[in-house]
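Thanks for coming, everyone. Please have a look at it before I start.

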Amino acid sequence: MRNFRILMVGTELAPLVSSGGLADVLAALPAALRELGADVRIVMPAFRQIPHHQRGPVIGSVSVFLNGREQVGAIREALSPPSGVPLYLIEHEGYYGREALYGSSAHEYHDNPERFAFFCHAVLQGIPMTGWKPDVVQCHDWHTAIIPLLLKTSLAEHPFWQGTRSLFTIHNIAFQGRYSADRYGMTGLDRALFDNGTLEYEGDFNLMKGAIQYADALNTVSPRYAREIQTIEYGCGLHGLLAERSASLYGILNGVDYRVWNPAADPELPARYDHTDVAGKALCKQALQQAMRLPARPDVPLMGIVSRLYWQKGIDLMLDALPALAEMGFQIAVLGAGDHALERRLEDCIPRFPGQVGVYLGYNAALSHLVFAGSDFFLMPSRYEPCGLTQMYALAYGSIPIVRRTGGLADTVVHATDRRIRNGTATGISFVPKTSGAIIRAAAQARDLFSSPETRAAIMNTGMRQRFSWERSAREYLKLYERITS
Ligand code: ADP
Ligand code: GLC
């Protein structure tokens, strides 16, 4: 295998800048690739969340003409903590010095196409200044979507970029970078790409549509999601185009960074445990109940949720199911933030089901560890789930996942049928219908399991021994780089 030079392009990086799983992936995958000998570097916008003392020196300046104005920025060279992977930052105070990464959930920033188009143009201008030429540029999600397009169009003859291939990684097909045509000027792209239909989508422009057509290869973050997005149900309008590229569309499952997600060595927990001895989990449950203002009862089943609170995650379905779950005796502990209507509905449940519903609204990494460790079950009724990391964290912490059988959830959780319980392969509970009724039926199975300590312990144990290693994912990415560069 060659020692590939890989440039990772994305907008989030844990622990510096994070809104969801993308940040975890951009932290762990480069480190795993590096351990296999690849020369990986990351480039991202210098968001306000990145402290100035961690930004490193300026190594060049970039200038891009967008929307009738020249925009000037800088490229800096730093190291990403804690892995030490080289990190280039594209700095532009006006675009990235704002409070939020993308705006609020209800109103994203109006100039997002401009903010991220600037980022892409600046990457392609700035990286040549480093003198380091990547074999593959791996672009994550719509914010980076014009890079594969530019490499094949306006930069096709550029001496530096000759021979560099692009991989476009889809973490969520619902966000495509689709905007009304009057904002097209913000992209700095050739008008012809809109007029000839390449980027045009029902009268709007759609940046992901361009990446799907022009990237040398595409991948999603689980095998099942790669198949799903080629169907009308999951493709969000792009299924036809994706199906046309199905020979170049791969599914590579994300992994878990077990240095961060390990109940045997987790500094956030009041007690440690592992699959050979789960005694410490009882203390974690007690601490979680305290943190969520729930009665500290070991004898009731506790269901945890750690999630962005959006339609994708089926939180509304859970809320519809909640009276029945409470009736069955569950305590429910929710850590999440997002949609204000869902946040309000969740808060309303606290007095309605006294002592049974605990809610923490906000992003709290330390508390998330306690939810995985302290809960008996972990609920994820997602309508779609490109991969999902939290069900894998739950497995590692002995919290039995209850998931809708879709995308990465279907690829990582083995539903407990009688046969699978007998042969020791079951790791969780899964269901198919996108309904509160299906959640209630799955919860009833969980309730029964809670009352059968031996079966429950066996399922927990199988779950805790699962290994979704980043090394395995990284090896698959290396094979894919090999395929597109040879
Ligand atoms: P998605 O990327 O769709 O949000 P994932 O399961 O891939 O879903 O990743 C979510 C990541 O964000 C996990 O690391 C999870 O622990 C974290 N997370 C989500 N919401 C919160 C929150 N409110 N507080 C702390 N961590 C959170
Ligand atoms: C997206 C998806 C999630 C996935 C994450 C990381 O946010 O919603 O399923 O795990 O990206 O790839």
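D141 is buried, because its relative accessible area is 9% and the cut-off for buried is under 20%. Keep in mind that we are looking at a predicted model.

Where is D141 found? It sits in the loop between strand 6 (136-140) and helix 4 (146-152). Its backbone deserves a look too. Phi of D141 is near 65°, a positive value in a residue other than glycine. Why point that out? Because most residues other than glycine have a negative phi.

R293 is another case. Its phi is near 55°, again positive, and R293 is not a glycine. Look for R293 in the loop between helix 9 (281-291) and strand 13 (302-309). Is R293 buried or exposed? With a relative accessibility of 77%, R293 counts as exposed.

Next, the peptide bonds. Most of them are trans, in general. One runs from A14 to P15, with omega near 0°. P15 belongs to the loop between strand 1 (5-9) and helix 1 (21-35). The other runs from P81 to P82, also with omega near 0°. P82 is in the loop between strand 4 (69-80) and strand 5 (85-91).

Now the charged pairs. How many salt bridges does a search of the whole structure find? The count is 21. I'll pick out a few.

Start with D135 and R5. Their side chains meet in a salt bridge, 3.5 Å from N to O. This pair links distant parts of the chain, 130 residues apart: D135 is in the loop between helix 3 (112-130) and strand 6, while R5 is in strand 1. D135 counts as buried, at 14% relative accessibility. R5 counts as partly exposed, at 32%.

Then D195 and R191. The closest N and O atoms of this salt bridge are 3.5 Å apart. Both residues lie in helix 5 (residues 191-195), four residues apart, which is about one turn of the helix. D195 is exposed, at 55% relative accessibility. R191 is partly exposed, at 42%.

One more pair: R345 and D320. Their salt bridge is 2.9 Å, N to O. Helix 11 (residues 340-352) holds R345 and helix 10 (residues 315-327) holds D320, so the pair ties together parts 25 residues apart in sequence. R345 is partly exposed, at 36% relative accessibility. D320 is partly exposed as well, with a relative accessible area of 43%.

There is also a network. Salt bridges link E35, D257 and R259.

Last stop: Y360. Find it in strand 15 (residues 357-361). Y360 is partly exposed, with a relative accessible area of 33%. Which residues does Y360 touch, leaving aside those up to four places away in sequence? They are M292, V334, L335, G336 and L367. The side chain of Y360 also has a polar contact of 3.2 Å with the side chain of N364. For a sense of scale, take Y360 and N172. They are 188 residues apart in sequence, and 25 Å apart in space, C-alpha to C-alpha.

That's my tour. Over to you for questions.

Terms used:
Residues numbered from 1 in each chain as written. Chains lettered and ligands numbered in written order. Predicted model: local features only at pLDDT ≥ 70, side-chain atom pairs only at ≥ 80, totals over all residues. Heavy atoms only, no water. Helix = DSSP H or I, 4+ residues; strand = E, 2+ residues; numbered from the N terminus. Buried < 20%, exposed > 50% of the residue type's maximum accessible area, 1.4 Å probe, protein only. Contact = heavy atoms within 4.5 Å. Polar contact = N/O pair within 3.5 Å; in protein donor to acceptor, adjacent residues only side chain to side chain. Salt bridge = Lys/Arg side-chain N within 4 Å of Asp/Glu carboxyl O.
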